Every structure is written in structure tokens, then in C-alpha cells.
Amino acid sequence: MKTSAQLYAISAAIILADQLTKAWVRTHMYIGQSIGLLGDWLKLTYTENEGMAFGVNLGFKPVLTLFSLAATVALVYAIYRMRRAPLLTRVPLAMILGGAAGNLIDRFFYGVLFQHMPLLEGRVVDFIHVDWPGSIFGWESFPIFNLADSAIVVGVGFILLFNGRIFPAPETSAAPESTKAQ
């Protein structure tokens with residue numbers, strides 16, 4: 001059984017990998033540059049996201065950053081509180097925590113360190129670019145994302161996919177058999 005410390009280590013590994021890849025992109029690429037990995041299907045394309053998932057922008061960036069901070073703290077607490085829960089519940093939460101914290105670091109500090117912007121108003125660095133021929137759901141290509149986003153999506157997907165195993169339905173007692181009329 002994995003302890004909470006081991007689960008936090010999973011989160012920390014995701015944060016480290018996310019921040020290292022973002023640092024590489026920031027120092028080796030310019031905004032808008034693409035590097036093909038698998039032809040035009042998979043590329044590294046450096047973009048900056050001012051909003052949240054898929055570039056949705058709700059306006060006042062410090063509110064989004066503070067909401068992200070609150071969600072991250074809630075995940076830390078949830079992992080601690082669920083320390084006796086099944087592993088299938090806790091590992092996806094650790095993945096979501098790592099991804100949320102990785103993007104939170106960008107929102108908190110990126111603007112101050114790289115863009116001369118106020119604290120809490122940073123942009124999230126995105127760079128994984130999956131492209132496909134034609135249009136799917138109106139998208140010509142999938143939105144560009146990063147390792148933190150991937151960890152969040154995989155964690156949430158794992159919870160949704162295995163929902164019955166992770167959160168089994170409560171057992172209901174069988175209704176007593178009615179007496180047979182004679």
C-alpha cells in the first residue's frame with residue numbers, strides 16, 4: 001500500500017518533469033516555433049496560454065490563479081484524508097495534483113520571471129501539438145498542451161473510466177420476500 005508520502009512523490013515527479021520540459025521549451029524555442037517529432041502529426045510548438053484548459057479565458061487572471069491554488073491545496077488535503085482508500089483512488093489524485101501544481105507554478109511566477117508582469121498573472125507554457133488531417137469536433141488540430149495537462153487528463157480519465165471500481169455503488173439490502181398468497 002502506498003503511503004501519502006509516496007503519492008506526493010508521484011506528484012513531485014510530475015511537477016519536476018513538467019517544469020523541466022517547460023524550461024527547455026522556453027530556452028530553446030521562440031513563441032510559435034514548431035519542431036516536428038513525427039512528421040506533422042506530433043510536434044513541439046511553443047505557445048503561452050493566458051487562460052485555463054483549451055485557452056478558455058475567464059477574465060481576471062489573479063482569480064484563476066487563486067482558484068488553482070485553492071484546488072491544489074484541496075487535492076493535498078484529499079490525498080492525506082484518503083490515505084486508507086484504494087490505490088486506484090489515490091494515484092489518479094496524485095497525478096491531478098502534480099499537473100495542477102505544475103501549471104500553478106507557471107501562473108504564479110512565469111509573468112514575474114519572464115514577462116515583467118505582476119505576480120499571479122503568468123501564462124502557462126504549452127508545447128505538445130497533436131495534429132490530424134481534417135476536422136474533428138470543429139478542431140483542425142488538438143489544442144496544444146503540456147505534461148501537467150496530460151497528468152490531469154489521465155488522472156481524471158482514470159477516475160471516470162474505473163469509476164465503478166474506485167467508487168463502488170453502496171450496497172443495498174435486499175427487500176424481504178413477500179409472503180405468497182394462498
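A crossing of two helices counts as right-handed if the near helix is turned clockwise from the far one by less than a right angle. Keep that in mind for the second stop of this tour of a predicted model.

**Start with the whole chain.** Followed from the N terminus, the order of elements is α-β-β-α-α-β-β-α-α. Of the 182 residues, 37% are buried. The protein exposes about 11200 Å², with 69% of that coming from carbon and sulfur atoms. If you display contacts between residues at least 6 apart in sequence, 59% of them link residues at least 24 apart.

**Now select residues 4-28 and 61-81.** These are helices H1 and H2, whose axes come within 9 Å and cross at roughly 145 degrees. The crossing of H1 past H2 is right-handed. Show side chains here: Ser4, Leu7 and Tyr8 are the H1 residues in the contact, and they meet Val76, Ile79 and Tyr80 of H2. By class, the contact residues split into five nonpolar, one polar and no charged.

**Next, move to residues 34-38 and 42-49.** Here you have strands S1 and S2, which run antiparallel and are joined by four bridges. Pick Ser34 and look across to S2, where Thr45 is its bridge partner. Together S1 and S2 make a hairpin, with three residues between the strands.

**Finish at the turn.** Which residue in the turn has a positive phi? Click on Gly39, where phi is about 60 degrees.

Note on methods. Residues numbered from 1 in each chain as written. Predicted model: local features only at pLDDT ≥ 70, side-chain atom pairs only at ≥ 80, totals over all residues. Heavy atoms only, no water. Pairing = 2+ DSSP bridges. Helix = DSSP H or I, 4+ residues; strand = E, 2+ residues; numbered from the N terminus. Buried < 20%, exposed > 50% of the residue type's maximum accessible area, 1.4 Å probe, protein only. Contact = heavy atoms within 4.5 Å. Areas by Shrake-Rupley, 256 points an atom, 1.4 Å probe, with all protein chains shown as cover. Axes fitted to C-alpha atoms, helices over the stretch in contact; angles between N-to-C directions. Nonpolar A, V, L, I, M, F, W, Y, C, P; charged D, E, K, R; others polar.
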